[in-house]
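Hello,

Here is the structure I promised to pass on. My notes follow below it.

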Amino acid sequence: MIPFCSLYICLEFLDFDGVGTRLKTQESLYAFLEGVRDETPLLFAVVPFGVIYGITALEAGLTKLQTQLMSCIVFGGSSQFAASKLFAEAAPWSVIVLTVAIINLRHFLYSASIAPYTQRLSFGWKALLAYLLTDEAYVVAINHYQKQQEHSYGHLYFLGAGIALWTSWQLSTAAGIALGKMLPPEWPLDFFLPLTFIAILVPALKSHLSIIVAIIAGVSSLLLYGLPYKLGPIVAALIGIMSGFVLEVGKRQ
Amino acid sequence: MKVWLVLFLGGILTYLTRLSFIYLFDLWEIPLWLRKSLRYVPPAVLSALIAPELFIRSGQFLISFENMKLLAGVVAIVTAIFTKSMFWTISSGIIFMLTYSILM
């Protein structure tokens with residue numbers, strides 16, 4: 001509670017809302033805490049994920065500082081896992097950056113979907129909320145925006161959800177870093193990663209088309225395994241995305 | 001050096017993706033073809049990353065009961081379908097592998 005409240009006090013001084021009127025303290029604090037509260041159930045899934053990330057990134061040869069800073073700078077779970085895997089395989093930096101960028105392309109969708117609600121905010125707010133726009137914060141924030149008629153405190157709600165997630169992600173990464181050296185070396189740590197990906201992928205397969213896309217991408221990835229510079233998976237992913245688009249267009253006609 | 005470069009560039013690209021429409025909302029509308037394609041990014045990327053981990057052992061395609069990771073992956077996928085729980089999906093795969101290593 002103490003870090004969340006102190007953050008709120010900082011916000012009061014910054015008075016980001018740009019209207020010039022002081023924020024109504026109680027209502028904005030309430031919106032912020034509501035965001036924290038609604039984000040909480042999702043944190044139970046995020047925390048183990050962060051711990052495993054911390055362990056695998058160290059395993060891949062990153063230093064403790066690099067492992068933690070990746071969680072601050074990139075702040076995107078699956079892309080951080082994929083980057084760790086490629087670091088372990090000594091892929092070229094350009095391929096790792098490309099992979100991170102492609103995995104995180106989905107944020108375009110979140111950004112587009114949340115944009116109508118953040119439109120009237122100042123640039124400072126937009127810049128801050130964009131940083132906090134992750135899968136888990138997006139789900140909670142958009143749900144709130146769509147339910148409410150009035151959005152005066154929506155950004156504080158979004159901030160609460162985002163900060164709750166951010167804090168958990170940083171702390172769980174740190175916990176993973178601390179744990180990493182304590183685990184016995186014969187543990188198959190490198191397999192935590194595919195298991196984690198399976199845990200994210202399977203619930204995301206909601207339509208027939210997405211299942212077909214996953215199969216096409218998986219098979220292509222096996223066929224293209226021999227491509228140089230570890231380019232196989234990312235080319236396979238692009239093939240999968242394009243076939244999804246083509247199939248969808250075909251279905252409609 | 002390489003790691004820092006990746007953190008910096010990967011971080012910037014990710015941030016710009018997140019900021020894109022929040023910032024440019026009035027200036028540019030997301031084209032329909034892009035919106036449709038983006039929906040397939042998660043299944044395609046994840047599946048492309050998982051497949052080689054399961055099927056390829058030391059550079060060779062391997063479908064066999066000796067391929068522990070493939071079996072553990074199948075266990076995890078089945079668990080994911082039935083429980084819809086991230087925790088049980090990951091745990092089932094790990095428990096399977098530990099049991100397999102002890103028994104075999």
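**The interface between A and B**

In this predicted model, 79 residues of chain A are in contact with 60 residues of chain B (contact: heavy atoms within 4.5 Å). The area buried between chain A and chain B is about 6,600 Å². Carbon and sulfur atoms give 81% of that area. Buried area here is the accessible area (1.4 Å probe) that two parts lose on being put together, summed over both. On the chain A side, A:Phe108, A:Phe191 and A:Leu222 lose the most area to chain B, together 10% of what that side buries.

The rule finds two salt bridges across the interface of chain A and chain B (a side-chain nitrogen of Lys or Arg within 4 Å of a carboxyl oxygen of Asp or Glu). B:Arg39 and A:Glu248 also meet in a salt bridge, at 3.8 Å from N to O.

**Conventions**

Residues are numbered from 1 along each chain as its sequence is written, and chains are lettered from A and ligands numbered from 1 in the order in which they are written. The model is predicted, local features need pLDDT of at least 70, side-chain atom pairs count only at pLDDT 80 or more, and totals for chains, interfaces and linings use all residues; side-chain values use heavy atoms, with hydrogens and water left out.

**Aromatic pairs**

Over all chains, the search finds 12 aromatic pairs. Rings of Phe, Tyr and Trp (its six-membered ring) pair if their centres lie within 6.5 Å; planes under 30 degrees apart count as stacked, over 60 as edge-to-face and the rest as tilted. A:Phe123 and B:Tyr23 are edge-to-face, because their ring centres are 5.2 Å apart and their planes at 70°. This pair crosses between chains, from helix α7 (residues 123–131) of chain A to helix α1 (residues 2–24) of chain B. Helices are DSSP runs (H or I, at least four residues), numbered from the N terminus. A:Phe123 is partly exposed at 47% relative accessible area. B:Tyr23 is partly exposed at 45%. The cut-offs: buried is under 20%, exposed over 50%, partly exposed in between (1.4 Å probe, protein chains only).

Ring pairs also link A:Phe49, A:Tyr53, A:Phe81, A:Trp169 and A:Phe197 into a cluster.

**A buried glutamine**

A:Gln170 lies in helix α9 (residues 154–180) of chain A. A:Gln170 is buried, with a relative accessible area of 7%. Neighbours within four places in sequence aside, A:Gln170 is in contact with A:Gln68, A:Ser71, A:Cys72 and A:Phe75.

Best wishes

Methods
Helix = DSSP H or I, 4+ residues; strand = E, 2+ residues; numbered from the N terminus.
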